Amino acid sequence: MTVFLSEGIYALDTTVRFEPTKWKFTRENRLTIRAEVLPDDPDWHHAGCQY
């Protein structure tokens with residue numbers, strides 16, 4: 001399973017938890033969290049985002 005994060009800033013006030021009781025991850029079958037664009041990439045823009 002892969003979770004893709006789109007460009008932007010995510011302001012969360014609670015911890016995000018993945019607690020599926022029947023999911024089994026292994027070395028080959030992983031949970032992956034990927035960002036489309038990282039903040040240090042030249043294509044990343046924070047216009048309109050508030051800190």
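## Aromatic pairing

The ring centres of Trp-23 and Phe-25 lie 5.8 Å apart and their planes meet at 80°, so the pair is edge-to-face. For this assignment, rings of Phe, Tyr and Trp (its six-membered ring) pair if their centres lie within 6.5 Å, with planes under 30 degrees apart counted as stacked, over 60 as edge-to-face and the rest as tilted. The model is a predicted one, in which local features need pLDDT of at least 70, side-chain atom pairs count only at pLDDT 80 or more, and totals for chains, interfaces and linings use all residues. Residues are numbered from 1 along each chain as its sequence is written, and side-chain values use heavy atoms, with hydrogens and water left out.

Trp-23 is partly exposed, at a relative accessible area of 38%, and Phe-25 is partly exposed at 37%. Here buried denotes under 20% relative accessible area, exposed over 50%, and partly exposed the range in between (1.4 Å probe, protein chains only). Trp-23 is placed in the loop between β1 and β2. Its C-alpha lies 9.9 Å from that of Met-1, a residue 22 positions away in sequence.

## Nonpolar surface patch

Trp-23 and Phe-25 also belong to a nonpolar patch on the surface, together with Met-1, Leu-5, Tyr-10, Leu-12, Val-16, Phe-18, Leu-31 and Ile-33. The accessible area of these residues together is about 950 Å² (Shrake-Rupley method, 1.4 Å probe; for residues, only the protein chains shown count as cover). Patches are made of residues with over 30% relative accessible area and no salt bridge, nonpolar side chains (Val, Leu, Ile, Met, Phe, Trp, Tyr) being joined within 5 Å and like charges within 9 Å. A salt bridge is a side-chain nitrogen of Lys or Arg within 4 Å of a carboxyl oxygen of Asp or Glu.

One member of the patch, Val-16, lies in the loop between β1 (2–5) and β2 (32–35). Val-16 counts as exposed, at 52% relative accessibility.

## Strands and loop

The protein chain has 0 helices and 2 strands; these are DSSP runs numbered from the N terminus (helices H or I, at least four residues; strands E, at least two). Arg-34 is located in strand β2 and is partly exposed, with 48% relative accessible area. Beyond residues up to four places away in sequence, Arg-34 touches Thr-2, Val-3, Phe-4 and Leu-5, a contact being heavy atoms within 4.5 Å.

Gly-8 occurs in the loop between β1 and β2 and is partly exposed at 25% relative accessibility. Gly-8 and Ala-35, 27 residues apart in sequence, have a C-alpha to C-alpha distance of 9.8 Å.

## Whole chain

Of the 51 residues of the protein chain, 2% count as buried. The accessible surface of the chain comes to about 5100 Å², and 51% of this belongs to carbon and sulfur atoms. Among contacts between residues at least 6 apart in sequence, 76% join residues at least 24 apart.
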